[in-house]
Amino acid sequence: MTTTPSESISSVNSENGKNLTTPFQEKQERSIWSSIRLKATLAAIAIGSIPLAAISGVAYYFANQSITAQIGQAEQNRAGEVTDAINRFVFERYGDIQIIASLDILTDTKTGASKPLAEKQAILERFEKTYGVYDSIAVFDLKGDLLISSGGKPFKNHKDRIYFQEALKNDSPYISEPSISATSGTFNVYFSAPIKDAQTGKTTAIVRSRMPIKYLDKLLSKYKANGGQYYLLNNSKEIFVGPKGVYATQTNSAGQNVSASKAEFKAISVQSVFPDLQQIATNQSATAIAPNKDSNKEQLLGLAATEKLEGMPKLNWGAIVTTDTDVAFAPQQQLLLTLLLGTGITTLLVAVIATYLVRRATRPILEASVAVEKVGQGDLDARVEAKGDDELAQLGGNINQMAIRIKALLVEAGASDNRLQLQNQMLVESEALQTDVGHILDVVSALEDGDFTIEAEV
């Protein structure tokens, strides 16, 4: 069976078209993650953001450590300021009682005898008003009976009082632990000292001053600013001053337990306020973070102990200064927020810049992909706009040359097919002509032989 030139060219184009278009025409659903542009954008964002996030994290870690240490040290210093203020305040009161004990009306027998009782009382009252921190100054004989008191207040025998016994026994000034007055029921610190005769040097009486604890609370009121709190601890690790004011212990000035009927006089241990602090050493400085049972908040604690001052016995008191952690560590929270905000904004900028650059960088690749797909579908006139002299421009030029070459090959293949068809047609016609010539030669040969009956087929 023979084919016409047009059929032959069509056949060649069809075969070539089928071979070129089949791979591209078989469409498959592609995942969004298969996009080279998306992958390149995500990679660019990761390259720009991950190191920044890592640097920010490391910077925050070291800054947080440093700030935390500084805040803890500052809180500890505040506790040290509290104990120092208490120490110096008590030291002044310790000096007061010695000054009172050295008054002529008390040490000089002749001077004392020449002064009426009312004048002596008036002198004690002037001291009381001048210092402004005492509510009573009294002088007792060695048996504990009252001799003089400011304001002429009557007192029972004080021989059983701890501060009286200590001053008499040690023959030196004494500072009591915070305790409840067995007489008035108030919560106080007592200062006592022996009164010595100016001539003989022998102890003739005991003087004591009574300072309500509220004056300590007033002294430390400035440490309540900015949400701060403080707690003063006695030698038994009991709180006697705190955010709620004065905390009374169960022991009175005579060393006796207060009647259970007086419910307001209860020992407040450190563990009852800070349960997580099982062991509190009031003789050293430290910092800690613990929940406060009274406020139900986590707090930063600075602990400090009173130091021994020269010329005064060691108090063995302690102080805890507290600040809510959300207030104390606000700088870290602000730093973290700043770093997170900065990292977020930078990541956003990186994403925008990366998207722009990736779009520009991948546009030639995507255009080349589209052009190759069109060529595969038979559109041999598809071209890639190649700009520049980089590798992508060379790729576009190669694709364009490929399309031109494929088109030229198809045209050449079509021309070759036409020549083949013409040669086949000429061959058929030549064979037919040879057949006709053969018949004529047969007729001529018969005529030469004398056979005039033969006829030639026309």
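Select arginine 78 and glutamate 75 to begin: they form a salt bridge, with 3.3 Å between the closest N and O atoms. The term means a side-chain nitrogen of Lys or Arg within 4 Å of a carboxyl oxygen of Asp or Glu, and the count by this rule is 10. Both residues are in helix α2, three residues apart, about one turn of the helix. Helices here are DSSP runs of H or I, at least four residues, numbered from the N terminus.

Residues are numbered from 1 along each chain as its sequence is written. The model is predicted, so local features need pLDDT of at least 70 and side-chain atom pairs pLDDT 80 or more, while totals for chains, interfaces and linings use all residues; side-chain values use heavy atoms, without hydrogens and water.

Next, show α2 (residues 36–101) with helix α10 (residues 330–376): their axes come within 8 Å and cross at roughly 165°. Axes are lines fitted to C-alpha atoms over the stretch in contact, with angles from 0 to 180 degrees between N-to-C directions. The two helices are therefore roughly antiparallel, the word for angles over 145 degrees. Their contact has 19 nonpolar, 12 polar and three charged residues; Ala, Val, Leu, Ile, Met, Phe, Trp, Tyr, Cys and Pro count as nonpolar, Asp, Glu, Lys and Arg as charged, and the others, Gly among them, as polar.

Finally, pick tyrosine 356, which lies in helix α10.

Technical notes: Parallel < 35°, antiparallel > 145°, perpendicular 65-115°, else oblique.
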